[in-house]
Amino acid sequence: MAAFWRSASFMLMGNQHFTKHGYARASKSFDNSCMERSLAGRVCIVTGANSGLGFTCSQELARRGATLYMVCRNEERGRQALEKVKADSGNSNVHLAVCDVSSLASVASFAADWLASSRPCHLLVNNAGVLLSERMTTPEGYEQSFATNALGTAALTQRLMPALLAGAPSRVIIVSSGGMYTETLRLDDLQHASLQPWNGSAAYSRDKRRQVAMTEHLAAAMAGQGVGCYSMHPGWADTEGVRSSIPGFHKAFQDKLRDTQQGADTILWLALEDEAKLQPGAFYLDRSPQAKHLTLGGTHYSPQQAAQLWEQLMAMAGLPGQAGAAAAAAAGAPQQ
Ligand SMILES: NC(=O)c1ccc[n+]([C@@H]2O[C@H](COP(=O)([O-])OP(=O)(O)OC[C@H]3O[C@@H](n4cnc5c(N)ncnc54)[C@H](OP(=O)(O)O)[C@@H]3O)[C@@H](O)[C@H]2O)c1
């Protein structure tokens with residue numbers, strides 16, 4: 001019953017706020033004064049940068065002069081996107097990094113190379129995400145949705161923490177989803193074994209809930225250390241991911257979907273706005289912190305449970321459980 005209530009409330013909320021009409025209403029009160037700030041000298045990483053929101057975000061960061069690393073899992077798709085971003089922005093300081101976020105080994109290798117270069121990181125946008133129509137397992141043996149959206153995102157963030165600390169004040173933005181409203185924080189069954197038959201939307205939403213919880217935990221752990229952590233929902237945007245993963249939804253909502261510029265707007269705003277005006281650990285939609293739970297949704301959890309999630313993810317990734325400077329120092333010496 002609670003699950004039905006949450007899904008119905010989510011769709012009502014989505015119709016009102018997550019569509020392009022919701023964006024149009026919200027944008028009337030936007031203060032755009034930060035939006036044309038230069039990012040010259042700022043080193044930024046965007047994962048899942050070759051398509052959809054990650055690609056648009058990359059274009060916008062590059063246009064503002066950032067030194068940008070586009071993290072893509074497929075070299076050819078990444079190369080094409082890189083050339084387009086360079087050409088459109090006129091910024092030659094844009095680079096491709098091939099990394100599969102769902103692979104702990106690939107994440108470890110990318111982060112080790114990064115740390116070896118002594119480059120700081122001023123902005124990490126954890127955007128790569130998947131919603132899968134069938135259960136898939138990574139070569140490392142993890143369920144793919146969990147491996148990409150939860151485990152890989154957490155491992156990458158933790159492994160890059162020394163670079164984020166070196167770049168402080170720096171920011172981590174985790175691109176979550178409003179779908180998380182429909183799910184509780186599941187600490188048992190991390191890899192969705194109980195979803196029989198497979199339900200890709202439920203797996204996705206559970207992992208997106210975990211992203212919101214891990215952001216809260218990270219924000220608290222990094223307080224006072226100059227690394228701001230934020231999660232956000234882009235709204236419902238017309239991307240390849242939506243077209244291919246949830247074609248029925250795409251068809252039904254085609255005329256209401258945001259364009260990628262509108263979907264990526266809050267990512268960019270979180271990258272540009274004065275730090276003092278942002279709430280660490282908050283979940284943003286259209287530049288405003290949102291409630292993280294639906295009224296009567298029954299999805300509340302404690303900070304201890306968010307910490308427990310982080311510890312479980314770190315244990316799986318072979319990293320120290322504690323987020324923060326001490327753990328970051330340890331993460332600088334890869335353990336696998
Ligand atoms: N669009 C929406 O309405 C919406 C709503 C809520 C949340 N979101 C979130 O927004 C983010 C971007 O989604 P999108 O709509 O822009 O989808 P998209 O067009 O499918 O883009 C997703 C990107 O992530 C990459 N990716 C997937 N798995 C990866 C991995 N293991 N390693 C590295 N990169 C990987 C994809 O690369 P490939 O091209 O190689 O597949 C692609 O570049 C996701 O986190 C999604 O959950 C989107």
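Me: Where does S133 sit in the secondary structure?

Reply: Happy to start there: S133 lies in the loop between β4 (123-126) and α6 (144-159). Keep in mind as we go that this is a predicted model.

Me: Is S133 buried or exposed?

Reply: The general idea is to look at relative accessible area, where exposed means over 50%. S133 has 67%, so this residue is exposed.

Me: Let's step back to the whole chain. What does the radius of gyration tell me?

Reply: Set the value against what a compact globule would have. For 336 residues that would be near 20 Å, and the chain has 18 Å, which agrees. The C-alpha trace spans about 50 × 40 × 40 Å along its principal axes, and 57% of the residues are buried.

Me: Which elements make up the chain, and how many of each?

Reply: There are 13 helices and 8 strands. Of the contacts between residues at least 6 apart in sequence, 75% join residues at least 24 apart.

Me: Where is confidence lowest, and where is it highest?

Reply: Low pLDDT is a caution: predicted coordinates there should not be read in detail. In this chain the lowest mean, 53, belongs to helix α13 (residues 325-331), while strand β1 (residues 43-47) is highest at 99. The chain average is 95, with 96% of the residues scoring at least 70.

How values were computed:
Residues numbered from 1 in each chain as written. Predicted model: local features only at pLDDT ≥ 70, side-chain atom pairs only at ≥ 80, totals over all residues. Heavy atoms only, no water. Helix = DSSP H or I, 4+ residues; strand = E, 2+ residues; numbered from the N terminus. Rg over C-alpha atoms; globule rule 2.2 N^0.38 Å. Buried < 20%, exposed > 50% of the residue type's maximum accessible area, 1.4 Å probe, protein only. Contact = heavy atoms within 4.5 Å. pLDDT = per-residue confidence, 0-100.
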